[in-house]
Amino acid sequence: MTAGPELTIDQLAGDAAVERLYRQVFAVLARESGAMISDLELLDVDEAILDAFADAGRDGLTVDQAVAACRPIDPGLVHRRFEVLREYGAISKVVDRPNERFHRAAFAPYVMLLFLRRLAEQGGQAELHQLLTLERVSVTAPDAEPETGQTTISRLTRIFRHLGNELAILAAGSTAEQLGDHAQLLWGNKGLISQAEEVHTVVLRRWPQLDRECTALRVALAAYGDAVEKAAGRLIERAGTTRALGLLSAETWLSFARTADEDDLAGVLDTFVFDAPAPWFSPNLLTEAVESGRGANTVRQPPPRPEGPAAPPPDDIRPADDAASLRETAERLLGDGDAVAVADVLDDAGDWLAARRLLADLTAIHHHPDLPYELSWSDGLRVDPAGSPSWVSDGTFRRAGD
């Protein structure tokens with residue numbers, strides 16, 4: 001045996017860079033070093049860790065800061081995933097020195113997570129469309145060589161063979177439910193086949209010597225089309241007899257919603273029961289509530305500890321007791337009586353903004369240990385679609401002991 005040619009330093013450096021990037025990309029799939037994950041929850045943990053690094057900025061994070069940013073995930077699980085990501089090179093020290101505590105995250109593993117999420121939701125169709133577009137650009141480039149066309153045709157042939165084999169096996173031996181779960185690539189396949197045929201035409205016209213490779217691609221496309229027709233026909237037939245809404249893709253239901261008449265649309269939901277409507281909120285109020293409730297998800301450095309004992313807070317920032325104002329509100333609502341219905345209080349408020357503030361005050365009065373009032377609820381429900389709020393539970397606000 002003779003040894004192969006020795007690799008140059010540049011070749012070794014290129015191979016090492018490819019291996020390093022490969023490990024970073026697939027770090028989010030590693031359960032432990034050298035193994036693959038078996039629990040989808042670990043993907044969520046990895047995404048939370050990488051999100052924390054994105055929010056931390058250029059200073060990076062320590063392990064403890066990453067654990068704190070990933071609440072309420074189990075700290076032990078975050079520690080273990082952090083070590084796995086670090087073992088694969090997806091997380092590394094900001095400065096390569098023994099006592100360095102801060103780490104930074106690579107970009108490749110987060111891209112892999114985004115790819116996995118979209119692949120799970122859309123079945124890879126968007127990626128295939130993009131791949132076919134890039135392959136067309138590659139073979140139509142002025143400086144493209146026959147080797148480029150051969151590589152492109154061989155790659156597309158293998159892709160459509162895989163797709164056709166998978167769909168043929170699913171159509172032959174799987175239940176309708178299993179077929180529906182894996183049928184993302186059944187829908188919109190004409191666009192995929194058309195794009196592949198366009199690439200095939202460009203390559204065959206430009207490099208006629210690649211006729212054998214192009215013939216293999218035509219066979220793979222035909223097999224894929226036949227498998228799609230059989231699987232789609234079986235799936236639609238089964239979905240039509242069982243009324244299983246989840247067996248059809250979102251594109252099919254969108255087409256049905258655009259073309260069906262009112263009776264057909266109503267018939268789809270005639271056996272469904274929906275919950276009672278929630279109180280009405282305007283879009284402006286919802287936007288304001290979301291913006292005001294959105295907290296900053298940033299990691300802050302702990303402040304330095306004081307050298308001496310901490311001084312007591314000033315009087316103007318100590319918590320104040322609002323018992324007097326709550327008592328005044330309770331007396332104003334009760335007036336000369338001993339009890340009042342919560343529905344009447346909300347109706348007298350005028351609008352929902354004022355009504356929810358009064359409801360918050362009633363709850364605070366009820367829980368205040370020094371105020372002799374109580375708020376009780378029963379099982380009744382008043383429904384008024386034209387009112388604001390639309391529905392109100394039966395409740396009574398009264399003086400304690402009455």
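The legends below describe close-up views of a predicted model. Residues are numbered from 1 along each chain as its sequence is written, and side-chain values use heavy atoms, with hydrogens and water left out.

**View 1. The largest nonpolar core and its members Ile 49 and Phe 82.** A nonpolar core is taken here as a set of buried Ala, Val, Leu, Ile, Met, Phe, Trp, Tyr and Cys residues joined through side-chain atoms within 4.5 Å, where buried means under 20% relative accessible area, exposed over 50% and partly exposed in between, with a 1.4 Å probe and protein chains only. The largest such core holds 28 residues, of which Ile 49 and Phe 82 touch the most other members. Two or more residues each come from α2 (41-56), α3 (63-69), α4 (75-87) and α5 (108-122), and α2 gives the most, with 8 residues; helices are DSSP runs of H or I with at least four residues, strands are runs of E with at least two, and both are numbered from the N terminus. A second, separate core of 27 residues includes Ala 144, Ile 193, Ala 196 and Trp 207.

**View 2. The surroundings of Ile 49.** With contact defined as heavy atoms within 4.5 Å, and residues up to four places away in sequence not counted, Ile 49 touches Cys 70, Val 78, Arg 81, Phe 82, Leu 85 and Ile 91.

**View 3. Asp 46 in helix α2.** Asp 46 is buried, with a relative accessible area of 0%, and its side chain is joined to that of Arg 81 by a polar contact of 2.6 Å. A polar contact is a pair of N or O atoms within 3.5 Å; within protein, one must be able to donate a hydrogen and the other to accept it, and residues adjacent in sequence count only if both atoms are side-chain atoms. Leaving aside neighbours within four places in sequence, Asp 46 is in contact with Ala 27, Val 28, Arg 81, Leu 85 and Leu 113.

**View 4. The aromatic pair of Tyr 373 and Phe 397.** The whole structure contains 3 aromatic pairs, for which ring centres of Phe, Tyr and Trp (its six-membered ring) must lie within 6.5 Å, with planes under 30 degrees apart counted as stacked, over 60 as edge-to-face and the rest as tilted. The rings of Tyr 373 and Phe 397 have centres 5.9 Å apart and planes at 20°, so this pair is stacked. Because Tyr 373 lies in strand β4 (residues 373-383) and Phe 397 in strand β5 (residues 391-399), the pair ties together parts that are 24 residues apart in sequence. Both Tyr 373 and Phe 397 are buried.

Technical notes. This is a predicted model: local features need pLDDT of at least 70, side-chain atom pairs count only at pLDDT 80 or more; totals for chains, interfaces and linings use all residues.
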